[in-house]
Amino acid sequence: AAARALQASYRRHFRPLGRGSILTVCLMVVCICCYILINMGFKRYLLVYLTMFAPRGLPAMLITEPWRLVTPIFLHFSLLHIAFNMYWLYCLGSLIEKQDRVGCYVVLLLLSAVVSNLAQWYMTGPLFGGMSGVVYALFAYIWISAKFNPMSGYWISQDIVLLMLAWLVLCFTGWVGPIGNYAHLAGLLCGAAFAGLRTCCR
């Protein structure tokens with residue numbers, strides 16, 4: 001009974017997708033443009049300028065080229081890769097952009113991009129890209145906010161939770177090829193921590 005009452009509270013305060021997704025759409029446009037350029041023969045140039053390439057070490061990169069902490073999220077190398085990420089970015093990102101202040105959304109985007117990119121770079125090196133780490137952060141933020149703060153206005157179905165977590169585990173098995181597993185995990189933890197911090201501060 002308590003669980004049903006809590007779920008009803010989620011649904012009462014939940015606001016579905018609607019207008020107000022300008023930032024999310026802009027992110028999608030940048031990702032799609034980068035994907036088109038990669039397939040037009042400019043992959044080498046994008047890798048040179050947008051990956052976390054740090055031949056002189058991370059401190060030097062932070063001083064001279066700090067944008068590299070974020071820009072790998074714009075790189076996608078297959079149609080399935082970008083389609084999956086753009087779909088979830090729109091579904092999850094649009095909801096957060098509408099539900100919370102834009103400033104909060106921007107902080108979550110930047111923080112999750114930096115954390116997930118650093119985790120993947122540390123474990124595998126600079127040759128990676130994708131919005132997946134950010135997507136997992138957005139998912140975790142909504143999931144934890146809905147679970148522990150019904151007044152947050154968020155709600156997410158159990159099927160989506162199971163799907164996202166199952167995909168995370170499946171990717172770690174290696175059956176689906178080279179995936180940014182550490183970016184996924186770091187993004188998930190970052191989004192959950194951000195939601196927990198906001199819940200505690202409210």
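At what angle do the axes of helix 2 and helix 5 cross, and within what distance do they come? In this predicted model, the axes of helix 2 (residues 22-50) and helix 5 (residues 102-124) cross at roughly 30 degrees and come within 11 Å. Because angles under 35 degrees count as roughly parallel, helix 2 is described as roughly parallel to helix 5. On the side of helix 2 the contact is made by L23, T24 and L27, while helix 5 contributes V102, Y105, V106 and L109. Sorted by class, the residues of this contact comprise 6 nonpolar and 1 polar, with no charged residues.

Helix 5 also packs against helix 8 (181-201), at an angle of about 145 degrees and with the two axes 8 Å apart. The crossing of helix 5 past helix 8 is right-handed. Residues of helix 5 that take part in this contact include C104, V107, L108, L111 and S112, and among those they meet in helix 8 are N181, Y182, A183, A186 and G187. By class, 12 nonpolar, 7 polar and 1 charged residues make up the contact of helix 5 with helix 8.

A further contact of helix 8 is with helix 6 (132-148), where the angle is about 35 degrees and the axes lie 7 Å apart. Here too a right-handed crossing is found, as helix 6 passes helix 8. Among the residues of helix 6 in this contact are S132, G133, Y136, A137 and F139, and helix 8 supplies residues including A183, H184, G187, L188 and G191. The residues of the contact between helix 6 and helix 8 divide into 12 nonpolar, 8 polar and 1 charged.

When neighbours within four places in sequence are left aside, W121 is in contact with M52, A54, L58, P126 and F128.

At least two residues of the lining are supplied by each of helix 2, helix 4 (79-99), helix 5, helix 6 and helix 8. By class, the lining of the largest pocket consists of 11 nonpolar, 14 polar and 1 charged residues.

Terms used
Residues are numbered from 1 along each chain as its sequence is written. This is a predicted model: local features need pLDDT of at least 70, side-chain atom pairs count only at pLDDT 80 or more; totals for chains, interfaces and linings use all residues. Side-chain values use heavy atoms; hydrogens and water are left out. Axes are lines fitted to C-alpha atoms, for helices over the stretch in contact, and angles run from 0 to 180 degrees between N-to-C directions. Helices (H or I, at least four residues) and strands (E, at least two) are DSSP runs, numbered from the N terminus. Angles under 35 degrees count as roughly parallel, over 145 as roughly antiparallel, 65 to 115 as roughly perpendicular and the rest as oblique. Contact means heavy atoms within 4.5 Å. Ala, Val, Leu, Ile, Met, Phe, Trp, Tyr, Cys and Pro count as nonpolar, Asp, Glu, Lys and Arg as charged, and the others, Gly among them, as polar. A crossing is left-handed if the near helix is turned anticlockwise from the far one by less than a right angle, and right-handed if clockwise.
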